[in-house]
Amino acid sequence: PCILWIEKSQKRRSNSTNHVLCKTGPYKYCQHPTIFAWIVCGIGIWKLTCHHPSSLIVLVWIYFHIIKQQLPQEEMLLKYTFDREYDIYQQTRRRLIPGLY
């Protein structure tokens, strides 16, 4: 459901000729809802399948790597595309986890 909500919000706000910074739907609560949704899905899959500590360590390592690499690249592109509007957007929302980070 989270991924569908994100996709629906993105489709309402963009077209091929004019990019608009999405600020509604899940983007109202955090800057990177897609990555947050994948983290929640990964934890859910881990809980449903094995509960083995080593698999949790691998999961955390993978997500840490994704966050460390992906977030700065996305933010740099958004800053380049939207400039001051993105600065304001960053100041009014949490980066990844609504209410925490």
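**Helices, charge pairs and a nonpolar patch**

Colleague: Let's begin with Gln70: what relative accessibility does it have?

Modeller: Gln70 counts as partly exposed. That class sits between buried (under 20% relative accessible area) and exposed (over 50%), with a 1.4 Å probe and protein chains only. For Gln70 the value is 32%.

Colleague: And how far apart are the C-alpha atoms of Gln70 and Ile35?

Modeller: Before the number, some ground rules: this is a predicted model, where local features need pLDDT of at least 70 and side-chain atom pairs count only at pLDDT 80 or more, while totals for chains, interfaces and linings use all residues. Residues are numbered from 1 along each chain as its sequence is written, and side-chain values use heavy atoms, with hydrogens and water left out. Gln70 lies in helix H3. Along the chain, Gln70 and Ile35 are 35 residues apart, and their C-alpha atoms are separated by 9.1 Å.

Colleague: Zooming out, in what order do the elements run from the N terminus?

Modeller: The protein chain has four helices and zero strands. Those are DSSP runs numbered from the N terminus, with helices (H or I) of at least four residues and strands (E) of at least two. From the N terminus on, the order is α-α-α-α.

Colleague: What share of contacts between residues at least 6 apart in sequence joins residues at least 24 apart?

Modeller: A contact is heavy atoms within 4.5 Å. Taking contacts in the protein chain between residues at least 6 apart in sequence, the share that joins residues at least 24 apart is 62%.

Colleague: What share of the accessible surface belongs to carbon and sulfur atoms?

Modeller: Burial first: of the 101 residues, 26% count as buried. The accessible surface of the chain comes to about 7,400 Å², with areas from the Shrake-Rupley method and a 1.4 Å probe, and for residues only the protein chains shown count as cover. Carbon and sulfur atoms hold 66%.

Colleague: Which residues make the nonpolar surface patch?

Modeller: Patch residues need over 30% relative accessible area and no salt bridge; like charges are joined within 9 Å, nonpolar side chains (Val, Leu, Ile, Met, Phe, Trp, Tyr) within 5 Å. One member, Ile66, lies in helix H3 and is partly exposed at 33%. The patch covers about 380 Å² and is made by Val58, Trp61, Ile62 and Ile66.

Colleague: On to charges: which residue meets Lys23 in a salt bridge?

Modeller: The structure holds four salt bridges, each a side-chain nitrogen of Lys or Arg within 4 Å of a carboxyl oxygen of Asp or Glu. Lys23 has one at 3.0 Å, N to O. Lys23 lies in the loop between H1 (2-13) and H2 (33-49) and its partner in H4 (residues 84-92), so the pair ties together parts that are 62 residues apart in sequence. That partner is Glu85.

Colleague: Which residue forms a salt bridge with Arg95?

Modeller: The closest N and O atoms of this pair are 2.9 Å apart. Arg95 lies in the segment after H4 and its partner in H3 (residues 53-82), so they tie together parts that are 20 residues apart in sequence.

Colleague: Which residue joins Glu75 in a side-chain polar contact?

Modeller: A polar contact is a pair of N or O atoms within 3.5 Å; within protein, one must be able to donate a hydrogen and the other to accept it, and residues adjacent in sequence count only if both atoms are side-chain atoms. The contact from Glu75 spans 3.0 Å. At its other end is His32.

Colleague: Which residues does the salt-bridge network join?

Modeller: One of its links is Asp87 with Lys79, the closest N and O atoms being 2.7 Å apart. Asp83 sits in the loop between H3 and H4 and has a positive phi of about 50° although it is not a glycine. Through shared partners, the network joins Lys79, Asp83 and Asp87.

Colleague: Last one: how far from Arg93 is the nearest side chain of opposite charge?

Modeller: Lys and Arg count as positive and Asp and Glu as negative, with His and the chain ends not counted. Arg93 is buried yet has no salt bridge, though a polar atom of its side chain lies 3.4 Å from the backbone oxygen of Lys23. The nearest side chain of opposite charge is Glu85, at 9.0 Å.
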